[in-house]
Amino acid sequence: GSELSGWAMGRWTYEGIDLNHNFADLNTALWDAEDNDLVPHEFPNHYIPIPEYYTFANATVAPETRAVIDWMQRYPFVLSANLHGGELVVTYPFDMTRTYWKAQELTPTADDGVFRWLATVYATSNLAMASEERRLCHYDDFMRFGNIINGANWHTVPGSMNDFSYLHTNCFEITVELSCDKFPHVSELPSEWENNRESLLLYMEQVHRGIKGVVRDSDTGQGIANAVISVDGINHDVRT
């Protein structure tokens with residue numbers, strides 16, 4: 001299938017699970033805690049624990065999703081992107097609307113400036129997105145917004161990998177919609193690679209932005225594991 005024809009092919013696993021919506025919803029717990037003034041003194045603003053219901057053996061969680069979560073918990077990733085098809089746009093968290101009944105709503109994270117920068121780095125260096133001659137994929141004119149959009153302001157996705165990465169780990173993750181065509185012909189793959197090669201490299205280079213170093217004990221000089229780093233004015237901490 002091409003573009004809107006057969007777009008859902010391969011979206012669901014054999015068990016009928018959409019992996020893109022299969023991560024634990026940590027957003028609701030955070031926002032409920034914020035509404036009750038519990039953050040961050042009684043409820044964390046980062047490293048939010050996975051709800052108990054999600055860990056039950058009969059929970060609707062794909063083995064692929066559990067494997068990815070185990071992988072994310074073993075390695076301290078700080079930057080990531082997941083690649084999709086069917087549009088030409090870069091989306092950034094939050095992917096889930098804060099008003100639960102709204103299908104679209106601007107829902108920024110505490111690190112909105114960073115996420116907008118990361119999305120812009122990719123979008124402005126992607127040859128297909130940056131082309132003045134590009135056509136619209138379908139009906140959304142993302143060119144008006146620099147080919148980036150807050151995920152929830154496009155369409156709400158509860159349990160997305162981007163939101164889970166941000167709330168459960170130190171990782172900042174975006175989604176890249178690579179092409180209007182979900183199933184490009186093999187002859188088109190070299191041009192798809194050229195469209196994305198430089199943007200992939202520039203995106204990875206962004207890992208060097210921001211503060212980095214080692215938190216040490218002032219007496220012994222030894223590194224301190226799990227030290228919480230807070231930045232004034234940003235209600236989302238990170239850990240060493």
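How are H4 and H8 oriented to each other, roughly parallel or roughly antiparallel? In this predicted model, H4 and helix H8, which spans residues 189–205, pack with their axes 8 Å apart and at an angle of about 155 degrees. Because angles over 145 degrees count as roughly antiparallel, H4 and H8 are assigned to that class. The crossing of these two helices, H4 and H8, is right-handed. On the side of H4, the contact is made by Leu 118, Val 121, Tyr 122 and Ser 125, and these residues meet Asn 195, Asn 196, Ser 199, Leu 200, Leu 202 and Tyr 203 of H8.

Aromatic rings were examined next. A search of the whole structure finds 10 aromatic pairs. One of them joins Trp 31 and Phe 94, whose rings are arranged edge-to-face, with 5.4 Å from centre to centre and 90 degrees between the planes. Trp 31 belongs to helix H1 (residues 27–35), whereas Phe 94 is placed in the loop between strand E2 (89–92) and helix H4 (112–125), so the pair ties together parts of the chain that are 63 residues apart in sequence. Trp 31 has a relative accessible area of 5% and is therefore buried, and Phe 94, at 4% relative accessibility, likewise counts as buried. A further pair is formed by Trp 71 and Phe 77, which is classed as edge-to-face because the ring centres lie 5.0 Å apart and the planes stand at 65 degrees. In this pair Trp 71 counts as partly exposed, with a relative accessibility of 42%, and Phe 77 is also partly exposed, at 31%.

The annotated position was considered last. In an unreviewed entry, UniProt lists Glu 177 under "active site". Within the model, Glu 177 is located in strand E4, which covers residues 172–177. The relative accessibility of Glu 177 is 8%, and since values under 20% are taken as buried, this residue counts as buried. When neighbours within four places in sequence are left aside, the contacts of Glu 177 comprise His 84, Gly 85, Gly 86, Glu 87, Leu 88 and Val 89, together with Met 129 and Trp 154.

Conventions. Residues numbered from 1 in each chain as written. Predicted model: local features only at pLDDT ≥ 70, side-chain atom pairs only at ≥ 80, totals over all residues. Heavy atoms only, no water. UniProt positions renumbered as here; feature names shortened; annotations may be inferred. Helix = DSSP H or I, 4+ residues; strand = E, 2+ residues; numbered from the N terminus. Buried < 20%, exposed > 50% of the residue type's maximum accessible area, 1.4 Å probe, protein only. Contact = heavy atoms within 4.5 Å. Phe/Tyr/Trp six-rings, centres within 6.5 Å; stacked < 30°, edge-to-face > 60°. Axes fitted to C-alpha atoms, helices over the stretch in contact; angles between N-to-C directions. Parallel < 35°, antiparallel > 145°, perpendicular 65-115°, else oblique. Left-handed = near helix turned anticlockwise from the far one by under 90°.
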